[in-house]
Amino acid sequence: MTSASEHLKIKIDERKEAGIYRSLKPGNSLVDFCSNDYLGFARSAVLKEDVKAEFNSHPLSLNGSTGSRLLSGNSQYAEDLEQEIAAFHEFEAGLLFNSGYDANLGLLSSLAQRGDTIILDELIHASAIDGARLSNANRYSFKHNSMESLEAKLKASKGNCYVVVESIYSMDGDSALIKDIVDITERYGAHLIVDEAHAVGLFKKGLTNQLGLQNRVFATVVTFGKALGSHGAIVLGSKVLKQYLINFARPFIYSTAPSFHHLASIKMAYRLLNNAEEEIINLKNNIAYFKKHVDFNSDYPLLQSDSAIQCIILKNNDTARLIANTLQSAGLDVRPILSPTVAAGTERIRICLHSFNTLNELALLCNTVNNFINAR
Ligand SMILES: Cc1ncc(COP(=O)(O)O)c(C=O)c1O
């Protein structure tokens, strides 16, 4: 074995010993309480047919895009789609990226320059952290949703300042205090960036839009791999921001553009979202049912959340694994979220609710959780 391979093996063994080794598992037939398919679009037969029809109505479209957008990979279809999505979310312009990870990486790494400041909520997604790291800007994090902590960092900021939050936090399911954050960032002349990955869908156009605050946000990231049931992402903002990203966002510049089929999937998913009232009501009802029927207590608290992401804190990796195994044995796909993915002492199960979960499935979920918690 080479010394490089030995090094890899040592690092892997360290993970195994710490009980945090990651491995890929094939899909299963358990009831889905863990995916991001909040409105059931990924499994929608209607959407599949719509995409097929759109694909077939463009017989000259290519299988692949053949290059980056700046070379051979652009199309009028892609540009029209960007404009259509921007209009849906009530922004001036939008630029497609191949994933939400790429969108945050491209946006944050290119925007802030040396001497500027990026301030991130401490629970922000890894893609935003990585984007900020790749910039040459000063970086601070503020205590989750704490306006005092945010204000302290704003006071210390230099140059152009960008504040980055998620509207619905991916690991906790709670909402950012968007109105307060908009007010405070404006007061300090900072620019707000909102990642709406987990809010679009439940809030049709995103939480910021629901609150009528989209005009006061510098940029928004919307991902297509969650409620929209596809993959990819868009950065929404001004026309100038779009022009800037086309020139400076490296994940956009140096990557092959999405294929026609991919663009058609996104376009048809938006059409479905525009008429998804029933799915959204079903999802809201399922969230309300879960919150009403699940037991929790101070030993096993339920995190405050009105979103599709509901978390019960088990406080250590072993108990989180045990309850997840119990739920899986009952036929329910619920995964534990362990440290170090979340802070030690906040290990949890993260339950994702969907529009398509039935009352029987929800009852089984709540009963199994309640029996586990009440037996301890
Ligand atoms: C808040 C948030 N932003 C960005 C991403 C990355 O999006 P994608 O999966 O499209 O790369 C995720 C994905 O988990 C996310 O939860």
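The points below go through aromatic rings, charges over rings, strands, cysteines, backbone features and one record annotation. The model is predicted.

**Aromatic rings**

- A pair of aromatic rings is described by two things, the distance of the centres and the angle of the planes.
- The structure has seven aromatic pairs.
- In one of them, Phe55 and Phe260, the ring centres are 6.0 Å apart and the planes meet at 35°, so the pair is tilted.
- This pair links distant parts of the chain, since Phe55 belongs to helix H2 (residues 45–56) and Phe260 to helix H11 (residues 260–274), 205 residues apart.
- Phe55 has a relative accessibility of 26% and counts as partly exposed, whereas Phe260, at 11%, counts as buried.
- Phe260 also pairs with Tyr77: their ring centres are 4.7 Å apart and their planes stand at 55°, so this pair is tilted.
- Tyr77 lies in helix H3 (residues 76–88) and Phe260 in helix H11, so the pair ties together parts of the chain that are 183 residues apart in sequence.
- Tyr77 and Phe260 are both buried.
- Phe55, Tyr77 and Phe260 make up one aromatic cluster.

**Charges over rings**

- Lys16 has its charged end over the ring of Tyr21, at 4.7 Å from the ring centre.
- Lys205 is placed over the face of Phe88, 5.5 Å from the centre of the ring.

- Strand S2 (residues 93–97) is mostly covered, with five of its five residues buried.
- In a regular strand the side chains alternate between the two faces of the sheet.
- Both faces of S2 are covered: Ala93, Leu95 and Phe97 are buried on one side, and Gly94 and Leu96 are buried on the other.
- S2 and strand S8 (residues 233–237) run antiparallel and are joined by five bridges.
- Within this pairing, Leu95 has Val235 of S8 as its bridge partner.

**The sheet of S9, S12 and S11**

- Strands of a sheet pair through backbone hydrogen bonds, either parallel or antiparallel.
- An open sheet is formed by three strands in the order S9-S12-S11, with antiparallel pairing.
- Strand S9 (309–313) and strand S11 (335–337) are the edge strands, each pairing on one side only.
- On average, neighbouring strands of this sheet are turned by 35° against each other, direction ignored.
- S9 is joined to strand S12 (residues 348–352) by five bridges, and the two run antiparallel.
- Across this pairing, Gln310 stands opposite Ile351 in S12.

**Cysteines**

- A search of the whole structure gives zero disulfides.
- Cys311 takes part in no disulfide, and the nearest cysteine sulfur, that of Cys352, is 7.9 Å away.
- The cut-off for a disulfide is a pair of cysteine sulfur atoms within 2.5 Å.
- Cys311 is buried, with a relative accessible area of 0%.
- Cys161 also counts as buried, at 3% relative accessibility.

**Backbone features in loops**

- Ser339 and Pro340 are joined by a cis peptide bond, with omega of about 15°.
- Pro340 is placed in the loop between S11 and S12.
- Thr66 is not a glycine, yet has a positive phi of about 75°.
- Thr66 sits in the loop between H2 and H3, and counts as exposed at 54% relative accessibility.
- Asn145, a residue other than glycine, has a positive phi near 60°.
- The loop that holds Asn145 runs between strand S4 (138–142) and helix H6 (147–156).
- Asn145 is buried, with a relative accessible area of 15%.

**Annotation from the record**

- An unreviewed UniProt entry carries the annotation "coiled-coil region" for residues 266–293.
- In the model, the chain over residues 266–293 is 93% helix and 0% strand.
- The end C-alpha atoms of residues 266–293 are 36 Å apart.

Definitions and conventions: Residues are numbered from 1 along each chain as its sequence is written. This is a predicted model: local features need pLDDT of at least 70, side-chain atom pairs count only at pLDDT 80 or more; totals for chains, interfaces and linings use all residues. Side-chain values use heavy atoms; hydrogens and water are left out. Rings of Phe, Tyr and Trp (its six-membered ring) pair if their centres lie within 6.5 Å; planes under 30 degrees apart count as stacked, over 60 as edge-to-face and the rest as tilted. Helices (H or I, at least four residues) and strands (E, at least two) are DSSP runs, numbered from the N terminus. Buried means under 20% relative accessible area, exposed over 50%, partly exposed in between (1.4 Å probe, protein chains only). A charge sits over a ring if NZ of Lys or CZ of Arg is within 6 Å of the ring centre and within 35 degrees of the ring normal. UniProt positions are given in the numbering used here, feature names are shortened, and annotations may be inferred rather than shown by experiment. Two strands pair if DSSP finds at least two bridges between them. Axes are lines fitted to C-alpha atoms, for helices over the stretch in contact, and angles run from 0 to 180 degrees between N-to-C directions.
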